[in-house]
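Let's take a friendly walk through this protein together. Have the sequence and the structure open as you read.

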Amino acid sequence: MDPAELLAAYEQMAVIRRTEKAAHDLFLQGLVKGTTHLAAGQEAVAVGASAALRPDDYVFATYRGHHHAMARGATPQECLAELMSRATGLCKAKGGSMHLTKASTGMLGSYAIVGAHLPMAAGAAWSAKLRGTEQIAVAFFGDGATNIGAFHEALNLAAVWKLPVLFVCENNLYMEYTPIADVTAVPRPAADRAPAYGVPGEVVDGNDVVAVEDAVARLARRARAGDGPALLEAQTYRHFGHSRADPATYRPAEEVERWLKHDPLDLARGRLVEMGVPEAVVAEADERATSLVQKAVEAAKAGPEPDPREALTDVWADGGAAWRT
Ligand SMILES: Cc1ncc(C[n+]2csc(CCOP(=O)(O)OP(=O)(O)O)c2C)c(N)n1
Ligand SMILES: [Mg+2]
């Protein structure tokens, strides 16, 4: 990344961080329906990967997917309005926090069933391969998904069919409350499984946006060239608990402190200053992010409630009848 690209990535991460904080505050004000799984701390995975993708590539995320939706073009206002069940929300209030989707920018959804979207990403990659478009699909998932059958099924089929799909694990060390290390036979839950499927398995500092961009760009080039899938394990940490129900008191204080010191925004800021970007320029990016999210909160709050008569619109597809018959 050159300084301008890194500054843009920094600003995008700053916007996501502030949006997640706003989601947290709005929940406490009783304005967010249901729960939320915030991605504060994991911004560099989404922003770094997105910087390496083409606009027409496909992205699949989990219920912890606000950062991926925003990295792929959803605005903070659309996301916050969706969390607040407004008609102006990203999915017109039919998705909520766990299902942010923006098909027009290739963000093909956030999925609440752990591991379920990995075979779907393989399917999207298969479609791209059949059409010869050199698009790739990327599935982001948590460390917990690596112990789910669908992870292994998707990897095997993707390897056998040499599909242009990247499996990007956000290893934040914990599942819902359980440390991944307590229930996994290998130290690196994603990367250590790659050799079993004959695909490259790499580990990257998931808090370093430049390192993530480098790794994804390299693996994406391979996939587009027809060399098949890869597995990338991005080591990272969530700042909040698993969901709104979780104060995360089970995490050792020194571990939390160590990761807070390895914050993706601080790392990017340090790199910018090393590159000679003046601190005032970085501060301006922070101010723009703050102002954008403040405006987004107000606009989202002002959005109308959905009209009950639209409850069944945009819900059903024709099941592919048009092309099947
Ligand atoms: C198949 C399935 N089993 C259990 C759950 C309940 N559940 C929701 S999130 C979660 C933890 C997943 O952890 P991880 O994959 O590490 O993702 P993270 O939440 O850390 O991003 C669990 C067990 C679920 N949604 N789906
Ligand atoms: Mg996890």
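Start at the magnesium ion (ligand 2), where the protein donors are Asp143 (OD), Asn172 (OD1) and Tyr174 (O), lying 2.1 to 2.2 Å from the metal. Keep in mind that this is a predicted model. If you want to find the donor residues in the sequence, look for the spacing D-x28-N-x1-Y. Are Asn172 and Tyr174 buried or exposed? Asn172 has a relative accessible area of 4%, so this residue counts as buried. Tyr174 is buried too, with a relative accessible area of 7%.

Tyr174 also leads us to the aromatic residues, as it forms one aromatic cluster with Tyr177 and Tyr250. Across the whole structure, a search finds 6 aromatic pairs. One of them is Tyr237 with Trp259: the ring centres are 5.3 Å apart and the planes sit at 5 degrees, so this pair is stacked. Tyr237 belongs to the loop between β6 (230–235) and α8 (253–260), while Trp259 is in helix α8, so the pair ties together parts that are 22 residues apart in sequence. Both Tyr237 and Trp259 are buried.

Now for the cysteines. How many disulfides are there? The count comes to 0. For Cys79, the nearest cysteine sulfur is that of Cys91, 8.6 Å away, whereas a disulfide needs the two sulfur atoms within 2.5 Å.

How values were computed
Residues are numbered from 1 along each chain as its sequence is written. Chains are lettered from A and ligands numbered from 1 in the order in which they are written. This is a predicted model: local features need pLDDT of at least 70, side-chain atom pairs count only at pLDDT 80 or more; totals for chains, interfaces and linings use all residues. Side-chain values use heavy atoms; hydrogens and water are left out. Rings of Phe, Tyr and Trp (its six-membered ring) pair if their centres lie within 6.5 Å; planes under 30 degrees apart count as stacked, over 60 as edge-to-face and the rest as tilted. Helices (H or I, at least four residues) and strands (E, at least two) are DSSP runs, numbered from the N terminus. Buried means under 20% relative accessible area, exposed over 50%, partly exposed in between (1.4 Å probe, protein chains only). Donors are N, O and S atoms within 2.8 Å of the metal (3.2 Å for Na, K and Ca); water is not among the atoms, so sites may look incomplete.
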